[in-house]
Amino acid sequence: MHAPYAVVTCLFFLGISSAVHYEYTEEYFDQKIDHFNFIAHGNETYKQRYLYNTTWWDKGEGPIFFYAGNEGDITGFWENTGFIFKAAKAFNALVLFAEHRYYGKSLPFGNDSFSNGNLGLLSVSQAISDYAFLLKNFKETHGAEKCPVIAFGGSYGGQLAAYMRFKYPNIIHGAIVSSTPFYQVAGETSGDIFFQKVTKDFSDVSPKCEMQVRSAFSQLDKWAAFGRRGYSQITRNFHLCNTLKSNKDYDHFLRWARNAFALAAMVDYPYPATFMGNFPAFPVRAMCKLLQSAPRPVDGLREAVALYYNSTGTLKCFDIYEEYIYCADPTGCGLGFDATAWDYQVCTELNIIGSTYGVDDMFPVLPFTSKMRDEYCYKTYKVLPREDYLDVQYWGTDISSSSNIVFSNGNLDPWGPGGIQKNISDSLVAVIIDGGAHHLDLREDNPDDPPSVRNARDFELRNINKWLEEYYTK
């Protein structure tokens with residue numbers, strides 16, 4: 001019936017620059033503040049931001065490709081999810097990105113959104129209900145009632161895209177779920193696997209690289225054992241803005257340093273990128289080169305960490321408390337209001353605990369256990385995490401009753417081991433991207449892409465084609 005849905009196979013290998021910019025229309029939807037309590041907030045609403053593009057849309061007939069916004073300003077995801085536009089061109093689709101409540105400009109109570117009482121309305125269930133009502137309204141106001149919706153999402157956004165397919169199969173007809181630690185956030189795997197995978201990424205570049213990191217952290221511990229004198233030496237060596245004065249400062253410094261390695265592993269793309277930082281191509285290799293060319297391991301550690309925190313080379317010193325915030329997510333929460341929102345989510349529904357001990361990983365002893373998370377979350381928000389919440393509410397590992405989802409993971413991504421890596425059924429399928437980092441497949445085509453990610457995008461487009469053919473021919 002719709003010829004464009006059968007001509008996608010010739011479009012997959014175009015070498016498009018990652019710098020392509022796609023225009024969007026920005027609008028706001030009067031969204032219910034609370035979908036589940038009819039008394040507390042009644043019919044109160046907030047302005048939920050969304051972006052859309054109709055350039056390729058077969059109006060009233062073509063599909064809607066919906067990006068389930070995750071933990072940040074939605075424009076950042078618009079600029080780093082080029083694959084959805086490639087798919088839109090192939091299928092004559094409308095592209096719609098929704099911003100997650102409590103992130104970016106979608107603040108239900110303005111700057112008061114982050115007081116404890118108001119934070120209680122930040123949850124997975126509220127977020128995907130937002131998306132469902134937004135889609136219903138958008139389809140009605142744009143003459144798209146008959147148009148199928150395919151959800152896309154990376155990391156936490158991929159989790160939401162899958163949950164949308166689980167809970168609203170009448171609205172979402174399929175989902176592309178990239179780099180989502182699906183089992184890990186539901187508490188089904190150990191959180192320690194994240195830093196173990198970061199270590200493997202560096203060791204795979206060179207075992208000597210891993211040994212340099214271990215040696216550097218060991219030297220730091222030796223210096224720290226001398227107390228203030230050792231802290232002063234660390235401060236001078238790492239050009240810190242403020243002198244380390246206590247074990248608490250030293251612990252924060254170690255987490256600050258470890259965070260740079262975690263982010264480099266996540267965005268270990270084959271080309272320079274500004275997603276979650278400003279990194280060169282293959283940042284893990286770049287960090288290893290700095291580590292191995294330095295006169296001492298600690299000097300190499302300083303230069304490797306600076307690759308992330310001082311990518312411009314303009315900083316005179318590092319302010320570890322400004323550049324890294326201790327929070328309930330040991331892999332980092334970011335900065336600003338978005339960091340507070342994510343911190344709260346990890347203190348309630350999402351399981352992202354994880355420790356390093358220097359045995360199966362290359363990092364110093366930095367435990368972060370369930371008990372430590374409980375203590376932190378209660379002190380900070382007066383809440384306790386519900387470790388089994390997602391396991392019960394969103395099916396945990398028992399998702400076989402769903403359908404039409406592609407789960408992709410890159411074998412470089414430290415979140416990959418916590419995700420779905422094998423087919424569950426004929427319509428719940430997995431693809432592994434050799435040489436792929438965190439949702440590389442959702443990014444724009446790039447001449448430096450490995451063949452595996454081109455094949456993964458090809459596979460994803462074929463599945464979208466199948467889902468749309470099923471919809472239009474039923």
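This is a predicted model: local features need pLDDT of at least 70, side-chain atom pairs count only at pLDDT 80 or more; totals for chains, interfaces and linings use all residues.
Residues are numbered from 1 along each chain, and side-chain values use heavy atoms, without hydrogens and water. Local features need pLDDT of at least 70, side-chain atom pairs count only at pLDDT 80 or more, and totals for chains, interfaces and linings use all residues.

Start with α11 (residues 283-293) and α12 (residues 297-309). Helices here are DSSP runs (H or I, at least four residues), numbered from the N terminus. The two axes, lines fitted to C-alpha atoms over the stretch in contact, lie 7 Å apart. Their angle, taken between N-to-C directions on a scale from 0 to 180 degrees, is about 150 degrees. The pair is therefore roughly antiparallel (over 145 degrees).

Which residues of α11 meet α12? They are P283, A286, M287, L290 and L291. Contact means heavy atoms within 4.5 Å. Across from them, α12 brings P297, G300, L301, E303, A304, V305 and L307. By class, this contact has 10 nonpolar, 1 polar and 1 charged residues.

Now turn to α8 (residues 207-224). Its axis comes within 9 Å of that of α11, and the two cross at roughly 65 degrees. K208, C209, Q212 and V213 in α8 meet C288, L291 and Q292 in α11.

Finally, look at F261. Leaving out residues up to four places away in sequence, F261 touches V213, M287, L291, L301, A304 and V305, among others. L291 also belongs to the α11 side of the contact with α12, and L291 meets α8 too.

Terms used: Angles under 35 degrees count as roughly parallel, over 145 as roughly antiparallel, 65 to 115 as roughly perpendicular and the rest as oblique. Ala, Val, Leu, Ile, Met, Phe, Trp, Tyr, Cys and Pro count as nonpolar, Asp, Glu, Lys and Arg as charged, and the others, Gly among them, as polar.
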